[in-house]
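Colleague: Hi! I'm new to this one. Could you walk me through it?

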Amino acid sequence: MSWTKESLQELVKAKVADRLFVSVSNREPYIHTFSNDGIRCSVPASGLTVALDPVMRACGGVWVAWGSGDADRAVADERSRIEVPPEAPQYSLRRVWLTKEEEDGYYLGFSNEALWPLCHVVYARPTFNQADWDIYKRVNQLFAEAVLDEIGDREAFIFIQDYHLALLSRLIKAKNPKVITAQFWHIPWPSAEIFRICPWQEEILDGLLGNDLLGFHVAYHCRNFLETVDRTLECKIDYEGSTVSRGGGTTLVHPFPISVDFERIGQDAAGGEVIREMQNIQRRWGLSDKFVGVGVDRLDYTKGISERLKALDKFFAKYPEYQGRVVFFQLGEPSRIHIKKYKELNAEVDDLVEEINWKYQSGNWKPIIYVREHLSPAPLLAFQRLADFCVVSSLHDGMNLVAKEFISSSVDGKGVLILSRFTGAARELTDALLINPYAIDEFAEAIKEAIEMPEEEGQRRMARLREIVQQNNIYCWAAGIISELAKFEFAKG
Ligand code: ADQ
């Protein structure tokens, strides 16, 4: 039996019972923005929201997050709260307000110019800036105050998300020990050798060890974390039980591979809107006699987009018989555009697309069609359904949800997934064509293999991949964490 939204809701009701359930993340689940037709509420396309929204709906708790929409303040009450989902409220969203300086130092600076490159081993040098670190600490304190204000003197389960809030659990527990906290780290944890260059490594590790439960996507990241702690802090580590004990507290470190809502994606992908989009796309780009490839990414230097384009270049050069017969859609959502490395990446991708198209295009045909925008779910699913192959070529990735979304959308069992070995997803999705994205020749061969794969083999591989994602879906992820969390006992008094 696989987990469903309903069975997860039952679990939450049984385990969380009358305790308050608080989730905390940098990104909020509902964003309000001003538009020409007044205030608009949108749901950011993020696996995190999909995972946590049903949990929050089931237990009616509070979600604390940065209020980043320009109309967020206008709709929040005097305690910075709003009931969501707006059409049928089931839980509260408590917004934390950040100044421009705090956004720069905490979000762009320490989170995304220090921790992000530090944890992804892609040879992008992290920037450790004392001022950013000071602001990161201050913002973690702001989040802690908002959480403490929400809890009051109630017993609460607190579920913290990601690398933006590494210090949060300790800060909360210093003021209110009657809480149980879990934190999920959505990006990889590097080896101790890599992590030790962080000037504040002790504080970060100590902050994370404030949690009762600490989750990573895969066992390998858990092991890296334990070894980093072992080399850095005075503590007792039980490798067998995967726990760290320090200063009277114990943290269980456990893998929980995140996933997607397999059933919902499948239903949407089979729906009329997606089918109409597929027809539109096919007509617009003249795809009826073409092999179609797709890449879907936040435009980030960890996703291996340049390597993918170079592999396509190599493929067309080595196998000219495919010129005019293969179209690759690169769908890219701009991200963190105020950071220099991201600006450089955007320019590099533009140049490569332009160069490759110039080299091979003829008549109406271009090898690469680059759509640099945030797409709504229907066109995104339509591209994925049309694709004969999908390329996920991350240089390093905690999990990678695109791979699982592609599999879930393959309702007709068609399509080959080319997947980087350096994603967390590669540990589960072994029926994909696994590649090393740095090895451009081998990568180009995998593109050829995907296109030429006999239909029967493609269907067989996809069927196995679908079974895995259906079983290990997003509700399974959330249920695993909540079940572990509920085993801890609240402090007395
Ligand atoms: P991300 O690095 O953001 O997540 P990923 O898991 O691939 O990476 O999720 C990206 C999401 O954005 C997907 O849901 C995808 O569909 C969506 N997306 C990408 N391009 C888009 C576009 N052009 N338009 C609309 N939507 C688009 C981090 C970690 C990952 C981990 C997740 C969840 O880096 O390793 O899998 O968190 O834990």
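Modeller: Happy to; we can start with the whole chain and then visit a couple of residues. Keep in mind that this is a predicted model.

Colleague: Thanks! How many helices and strands are there in the protein chain?

Modeller: The count is 18 helices and 18 strands.

Colleague: And what is the radius of gyration of the protein chain?

Modeller: The protein chain has 23 Å. A compact globule with 493 residues would have a radius of gyration near 23 Å, so the value agrees with that. Along the principal axes, the C-alpha atoms fill a box of roughly 75 × 50 × 45 Å.

Colleague: What share of the residues is buried?

Modeller: Buried residues make up 58% of the 493.

Colleague: Switching topic: which domains is the chain divided into?

Modeller: Domain 1 covers 5-259 + 474-492, and domain 2 covers 262-470. Their C-alpha centres lie 31 Å apart.

Colleague: How many residues of each domain are in contact with the other?

Modeller: In domain 1 there are 27 residues in contact with 23 residues of domain 2. Across the protein chain, among contacts with a separation of 6 or more, 77% are between residues 24 or more positions apart.

Colleague: Let's zoom in. Is Tyr-91 buried or exposed?

Modeller: Tyr-91 counts as buried, because its relative accessibility is 1%. You'll find Tyr-91 in strand S6, which spans residues 91-96.

Colleague: Which residues does Tyr-91 touch?

Modeller: Leaving out residues up to four places away in sequence, its contacts include Pro-29, Tyr-30, Asp-53, Trp-63 and Ile-82. Arg-57 is also among the residues Tyr-91 touches; the two are 34 residues apart in sequence and 6.1 Å apart in space, C-alpha to C-alpha.

Colleague: Nice. And where is Asp-289 found?

Modeller: Asp-289 sits in the loop between helix H11 (272-285) and strand S13 (291-298). Its relative accessibility is 58%, so Asp-289 counts as exposed.

Colleague: How far is Asp-289 from Cys-222, C-alpha to C-alpha?

Modeller: Those C-alpha atoms are separated by 47 Å, and Asp-289 and Cys-222 are 67 residues apart along the chain.

Terms used:
Residues numbered from 1 in each chain as written. Predicted model: local features only at pLDDT ≥ 70, side-chain atom pairs only at ≥ 80, totals over all residues. Heavy atoms only, no water. Helix = DSSP H or I, 4+ residues; strand = E, 2+ residues; numbered from the N terminus. Rg over C-alpha atoms; globule rule 2.2 N^0.38 Å. Buried < 20%, exposed > 50% of the residue type's maximum accessible area, 1.4 Å probe, protein only. Contact = heavy atoms within 4.5 Å. Domains from an automatic or database assignment.
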